[in-house]
Amino acid sequence: MATGTNIRTYFEGSWHEGNVPIMRAADHGAWLGSTVFDGARYVDGVAPDLDAHCARVNRSAEALMIKPDVATDRMVEIVREGLALYPADAAVYIRPMYWATENGHLAVLPGDAETGFCICLEEVPMAPPDMTATLGTTRFRRPILESSVVNAKAGCLYPNNARMLREAVDNGYSNALVADAMGNVAETATSNIFMVRDGEVFTPIANGTFLAGITRARHISNLAADGTTVHEAVLTFDDFRKADEVFMSGNLMKVTPVTEFDGTAYQVGPVTRRVRELYWDWALSGD
């Protein structure tokens, strides 16, 4: 998917036009990957769950043992200042980021490192309503807390996701359905995952190997208010092969129907359509 080119960057206290340089060669974040980020969306004049995304980037920094120094409320204010620079009908991807700037040390501990901060706003259109995805398998798995910072949205995790995605694309699919360390389904290479069977909705239980996303939680809440319980469970690849519907859940596109997993075809069914309807009804309601 091509992304927009209209980028604005908040850095060192002010907004700048374009994709400005933010790191130095010896910054810990540049050479050792101590970066965290989050992603929120602005579309149709609203930024759903913006405060939750800003709060999460601060938690991610703490999990990576770097120092977050912008309060959530202030971060929301800065984002809204930047969004005011765009047309009201713009679709904007919102990325607040931290990185450690301490150089010369492998270990970065709380309070030890200076911290860099920026917010990147980029015009990225929402997917058309008829966009779907296909999923393949991959040899690469989600890591565990003892080996990686899986409790943060950390930049250092994403090269592994990129390997997953690259392998799936090379095999003719648009994304990968990914296992955790135990071999059960965790998520896709880019988003959380749901399946529907006999009218029941399921999603992998949050077991500490993947981020249970903000948009995932919103779908679960919306479905509950609509009278549908989502079962968080241990799910296998065979469970997905037996599903009636499958859809991806992520902040960038919110709901993406899946039409195939590894040769098993699905229809874009009524539950998937209802989840999308519920999300946008909530988002545009101002609640």
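These legends describe close-up views of a predicted model. Residues are numbered from 1 along each chain as its sequence is written, and side-chain values use heavy atoms, with hydrogens and water left out. In this predicted model, local features need pLDDT of at least 70 and side-chain atom pairs count only at pLDDT 80 or more, while totals for chains, interfaces and linings use all residues.

**View 1. The largest pocket holds about 1100 Å³ of space.** Of its 44 lining residues, Asn175, Ala189, Thr190, Ser191 and Leu252 are the closest to its centre. On a 1 Å grid over the protein atoms alone, a pocket is an open set of points where a 1.4 Å probe fits, with protein on both sides within 12 Å along at least five of seven lines; lining residues have an atom within 4 Å of a point. The volume is the space filled by probe spheres set on the points, which are joined across faces, edges and corners.

**View 2. Helix H4 (158–170) is one of the elements in the pocket lining.** H4 gives the most to this lining, with 4 residues. Other elements that each supply at least two residues include helix H2 (50–63), strand E5 (92–100) and helix H5 (214–225). Helices (H or I, at least four residues) and strands (E, at least two) are DSSP runs, numbered from the N terminus.

**View 3. Ala154 sits in the loop between strand E7 (133–136) and H4.** Ala154 is buried because its relative accessible area is 0%; buried means under 20%, exposed over 50% and partly exposed in between (1.4 Å probe, protein chains only). Beyond neighbours within four places in sequence, Ala154 is in contact (heavy atoms within 4.5 Å) with Thr35, Val36 and Val149. The C-alpha atoms of Ala154 and Ser34 are 7.6 Å apart, although 120 residues separate the two along the chain.

**View 4. Salt bridges link Arg74, Glu77 and Glu81 in a network.** A salt bridge is a side-chain nitrogen of Lys or Arg within 4 Å of a carboxyl oxygen of Asp or Glu. The closest N and O atoms are 3.2 Å apart for Arg74 and Glu77, and 3.4 Å apart for Arg74 and Glu81. Arg74 and Glu77 both belong to helix H3 (residues 72–83). Arg74 is partly exposed at 34% relative accessibility, as is Glu77 at 46%.

**View 5. Arg216 and Glu232 form a salt bridge, with N to O at 2.6 Å.** This pair links distant parts of the chain, with Arg216 in helix H5 and Glu232 in strand E12 (residues 230–233). Arg216 is buried, with a relative accessible area of 5%, whereas Glu232 is partly exposed at 40%.
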